[in-house]
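Good morning, and thank you for joining.

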Amino acid sequence: MVNVGVIGAGLMGSTHARLLATAIAGAEVVAISDAVHEHAQRIADELDLSTIHADGMELIANPAVDAVVIASPAATHEPYTLACIEVGKPVLCEKPLATSAAAAKRIVEAEAAVGHRSVTVGFMRRYDPGYADLKARLDAGAIGAPLLMHCAHRNPSVHPFFDSAMIITDSAVHEIDVTRWLLGEEIVRATVLTPTPTSKAREGLRDPQLLLFETAGGRLVDVEAFVSAGYAYDIRCEVVGEDGTLELLPPATVALRTDNAESQAIPPGFRERFGTAYLHELQAWIHSIARGSEPDGPSAYDGFAAAAVSEAAVASLESGRPVDVAL
Ligand code: ISE
């Protein structure tokens with residue numbers, strides 16, 4: 001049994017804690033922490049946990065904790081991940097790995113100094129059955145060489161604290177990882193343009209945004225990132241290759257036909273859309289720990305590369321010009 005401590009009892013921390021406690025084989029949640037005690041208490045009550053730590057560092061040091069999930073605010077990811085590396089505990093850190101490329105690089109270096117992988121970054125889309133199928137077919141040559149990729153990342157709404165840069169660092173960072181993973185190439189340049197914002201966004205929020213990524217092999221990727229889309233949580237991805245295209249389909253299982261029309265549900269939020277991906281992500285992570293093997297999910301380097309591309313894209317959002325990625 002792998003005894004897991006979860007840092008952060010917000011939306012993602014509580015989702016991970018519930019899945020680990022109820023649906024993941026070989027895992028047990030033994031401790032939780034949150035800066036807001038009531039949040040930690042609520043999950044502890046729900047999952048019948050006896051240990052609540054006021055501070056994430058205490059949870060990491062707790063000898064009963066074998067492995068750590070970090071789902072606290074992004075600014076805390078670097079210190080908590082470094083602390084896990086220092087005490088030798090495997091860690092699954094939610095994205096972003098850190099709030100700057102320099103901070104993510106410190107994590108890559110600390111892990112390298114130990115000499116083996118212990119950090120996994122929560123880019124869960126790699127575990128989504130749709131994305132996994134798309135990647136397998138792309139790698140098998142189903143559409144020949146990829147040329148272009150079109151993506152859309154639409155959220156119905158976001159918290160009022162979301163700012164224009166977060167549309168890149170918190171939302172489109174998933175497409176940054178998916179691009180590197182699917183195409184197997186680094187992103188070398190980012191350009192971000194914004195139209196007249198939707199009247200439905202909070203005052204000052206530059207929403208939607210159009211991101212253009214150029215890869216090392218000369219492929220182009222466009223991403224519409226739109227976090228006040230209202231109607232649903234809609235994630236799209238189409239790769240255009242020399243012999244055809246591969247497109248992610250919405251994961252609906254039922255079509256409704258009535259009143260001369262057909263409709264299929266689109267998930268309301270990311271927890272519903274990527275519910276299966278979170279399960280597979282956690283199960284793969286727990287399996288690797290139980291086997292004593294190195295994790296093979298998204299690495300600290302993937303977290304660093306995503307942070308470097310995010311930084312270039314945020315600089316482009318400010319200047320309106322293409323910005324080279326500094327890897
Ligand atoms: C959130 O943090 C996520 O990771 C979701 O996948 C993304 O769609 C959303 O925009 C982010 O805020």
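L82 is partly exposed, because 18 other C-beta atoms lie within 10 Å, and a residue would need 20 or more to be classed as buried. Please bear in mind throughout that this is a predicted model.

Where does L82 sit? L82 is found in helix α4. Leaving aside residues up to four places away in sequence, L82 touches I107 and A110. E109 is 27 residues from L82 in sequence, and their C-alpha atoms are 10.0 Å apart in space.

Let me turn to the helix itself. Which residues of α4 are buried? In this helix, residues 77-87, they are H77, E78, Y80, T81, C84 and I85. The elements that cover them include the strands β1 (2-7), β4 (67-70), β5 (91-93) and β6 (119-121), together with the helices α3 (56-61) and α5. After α4 comes G88, which has a positive phi, near 75 degrees.

Together, β4, α4 and β5 form a right-handed β-α-β unit. The pairing of β4 with β5 is parallel and has three bridges; V69 is bridged to L92 in β5. β4 also runs parallel to β1, joined to β1 by four bridges, and V4 has A67 as its bridge partner in β4.

How are the faces of β4 covered? A67 and V69 are buried on one side, and V68 and I70 are buried on the other. As a general point, side chains in a regular strand alternate between the two faces of the sheet.

I now widen the view to the chain. Domain 1 consists of 2-124 + 275-299, and domain 2 of 126-273 + 307-324. The C-alpha centres of the two domains are 26 Å apart. Their contact involves 18 residues of domain 1 and 14 residues of domain 2. On the domain 1 side, α5 (101-114) and α9 (275-291) each contribute at least two residues, and α9 provides the largest share, six residues. That side of domain 1 comprises ten nonpolar, six polar and two charged residues.

Finally, the record. An unreviewed UniProt entry lists residues 135-325 as "domain: Gfo/Idh/MocA-like oxidoreductase C-terminal". In the model, that span is 34% helix and 27% strand, with its end C-alpha atoms 24 Å apart.

Thank you; I welcome your questions.

Definitions and conventions. Residues are numbered from 1 along each chain as its sequence is written. This is a predicted model: local features need pLDDT of at least 70, side-chain atom pairs count only at pLDDT 80 or more; totals for chains, interfaces and linings use all residues. UniProt positions are given in the numbering used here, feature names are shortened, and annotations may be inferred rather than shown by experiment. Domain bounds come from an automatic or database domain assignment. Two residues are in contact if their C-beta atoms, placed from the backbone, lie within 7 Å. Ala, Val, Leu, Ile, Met, Phe, Trp, Tyr, Cys and Pro count as nonpolar, Asp, Glu, Lys and Arg as charged, and the others, Gly among them, as polar. A residue is buried if 20 or more other C-beta atoms lie within 10 Å of its own, exposed if 12 or fewer, and partly exposed in between; C-beta atoms are placed from the backbone. Two strands pair if DSSP finds at least two bridges between them. A crossover is right-handed if, with the strands pointing away from the viewer, the path from the first strand over the helix to the second runs clockwise.
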